[in-house]
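Please take a guided tour of this structure, one selection at a time, with the viewer open beside the text.

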Amino acid sequence: MEDLTISSHRPPQTIIGEAPAFLEMLEHVSHAAPLSKPVLVVGERGTGKELIASRLHFLSERWESRLVKVNCAALTESILESELFGHEAGAFTGASKTHVGHFERADGGTLVLDELATISLRMQEKILRVIEYGEIQRVGGSETLNVNVRIVGSTNANLRAEAAGGRFREDLLDRLAFDVITIPPLRERTEDIMPLAYAFGINMASELKRPLFPGFAPRASSSLLKHDWPGNVRELKNAIERSVYRSPDPEQPVAEIAFDPFDSPYTPPAEDATAAGKGLSRRRQPLLPTDLTARVEELETGLLNAAMERARYNQRVAADLLNLSYDQLRGKLRKYDISRSKPG
Ligand SMILES: Nc1ncnc2c1ncn2[C@@H]1O[C@H](COP(=O)(O)OP(=O)(O)O)[C@@H](O)[C@H]1O
Ligand SMILES: [Mg+2]
């Protein structure tokens with residue numbers, strides 16, 4: 001679990017990367033850092049948004065003041081509100097003492113609102129007011145306090161689309177998007193894979209108290225370069241640490257990359273697979289927009305094939321399994337050109 005809030009004067013973490021797209025992004029960071037205007041850091045999960053948000057702080061004149069990070073997705077609306085704005089004693093049940101919020105704590109420094117897309121419209125409005133007027137009120141308080149805080153928002157969502165769908169305020173987006181830094185995903189900067197892999201390998205070897213890190217065997221390197229890295233640098237870091245730790249001989253180069261810790265022949269099937277068989281998905285919200293006709297056809301062919309297989313290609317039995325008449329089943333098999341006998 002990540003820290004919910006971090007406030008630090010710690011020196012920035014080393015950032016690794018030399019791909020042209022990555023260097024260009026770092027250049028953009030250096031350019032945006034000195035201003036006090038809000039910045040939005042956008043990137044897929046695990047691309048290093050927090051690292052970049054910290055860099056914006058440490059490259060600014062605010063570097064000696066506080067850097068405060070809040071993970072907006074981890075807090076309910078009312079907790080987030082009193083965490084950000086603070087509250088007066090007696091503001092609500094359990095508020096026994098005055099609580100100084102992050103906006104006040106970050107005065108003169110930087111406040112990172114991590115996973116910003118998840119906050120409610122009401123909180124968005126309150127944050128907009130801070131950006132516009134530099135003023136806050138503690139929850140339950142009447143005094144207006146002035147704060148000088150630079151806001152850095154980070155998100156893996158498409159905020160334009162969120163705004164178009166009415167889930168994110170256009171006016172806040174306009175303000176936050178004074179400058180937008182987009183971190184390229186790892187698959188678009190393959191030059192960075194091996195330098196990152198070596199850095200994570202060396203750290204892991206030292207964590208395991210091994211005297212050296214023997215590197216990667218050619219087969220391992222090539223599988224690292226071929227992987228798609230949907231979880232980006234975080235996924236790479238985990239895969240490398242796991243592979244170094246599992247490597248049987250600490251003196252031999254790592255030969256096997258453990259991409260998936262769950263990889264086992266005994267993994268239970270996903271719940272979605274059984275739910276889809278009933279024509280329902282219990283947990284997932286549907287991904288929209290979609291093509292309804294194509295999705296229905298996909299579901300129909302899947303169920304028809306499954307029923308035919310279960311019925312050992314006896315069409316009457318298959319029709320029963322799907323609660324269809326024999327003729328209805330035959331019509332559908334024809335429509336989708338589904339094999340009426342055992343394949344092969
Ligand atoms: N360029 C980089 N160099 C070194 N470490 C990185 C780099 N990018 C990401 N990381 C590491 O990858 C992990 C995920 O980064 P993080 O900033 O938390 O991603 P995000 O917030 O985009 O999901 C962290 O452990 C971070 O230190
Ligand atoms: Mg993050």
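**Around the ligand**

Select ligand 1 and the shell around it, which by class has 4 nonpolar, 6 polar and 5 charged residues. Keep in mind throughout that this is a predicted model. In total 15 residues surround ligand 1, and the closest are I16, G48, K49, E50 and V233. Now colour helices α2 (49–58) and α10 (232–246), each of which supplies at least two residues of this shell. If you then colour domain 1 (5–184) and domain 2 (187–246) separately, you will see that ligand 1 lies between them, because both give residues to its shell.

**The nonpolar cores**

Next, select V41, F103, L111, V112, L113, V152 and I181, the residues with the most contacts inside the largest nonpolar core, which has 37 residues. Strand β2 (residues 39–42) gives this core its largest share, 4 residues. Centre the view on I181 and, leaving aside its neighbours within four places in sequence, look for its contacts with M25, H28, V29, A32, V39, V41, V42 and I52. Apart from this core lies another, of 17 residues, which includes F213, F216, V254 and I257.

**The whole chain**

Finally, zoom out to the protein chain, which has 14 helices and 8 strands. Its radius of gyration is 27 Å, well over the 20 Å that the globule rule gives for 344 residues, so the chain is more spread out than a compact globule. Turning the C-alpha trace along its principal axes shows spans of about 75 × 55 × 40 Å, and of the 344 residues 26% count as buried.

Notes: Residues are numbered from 1 along each chain as its sequence is written. Chains are lettered from A and ligands numbered from 1 in the order in which they are written. This is a predicted model: local features need pLDDT of at least 70, side-chain atom pairs count only at pLDDT 80 or more; totals for chains, interfaces and linings use all residues. The radius of gyration is taken over C-alpha atoms; the globule rule is 2.2 Å times the number of residues to the power 0.38. A residue is buried if 20 or more other C-beta atoms lie within 10 Å of its own, exposed if 12 or fewer, and partly exposed in between; C-beta atoms are placed from the backbone. A residue is near a molecule or strand if its C-beta atom, placed from the backbone, lies within 6 Å of it. Ala, Val, Leu, Ile, Met, Phe, Trp, Tyr, Cys and Pro count as nonpolar, Asp, Glu, Lys and Arg as charged, and the others, Gly among them, as polar. Domain bounds come from an automatic or database domain assignment. A nonpolar core is a set of buried Ala, Val, Leu, Ile, Met, Phe, Trp, Tyr and Cys residues joined through C-beta atoms within 7 Å. Two residues are in contact if their C-beta atoms, placed from the backbone, lie within 7 Å.
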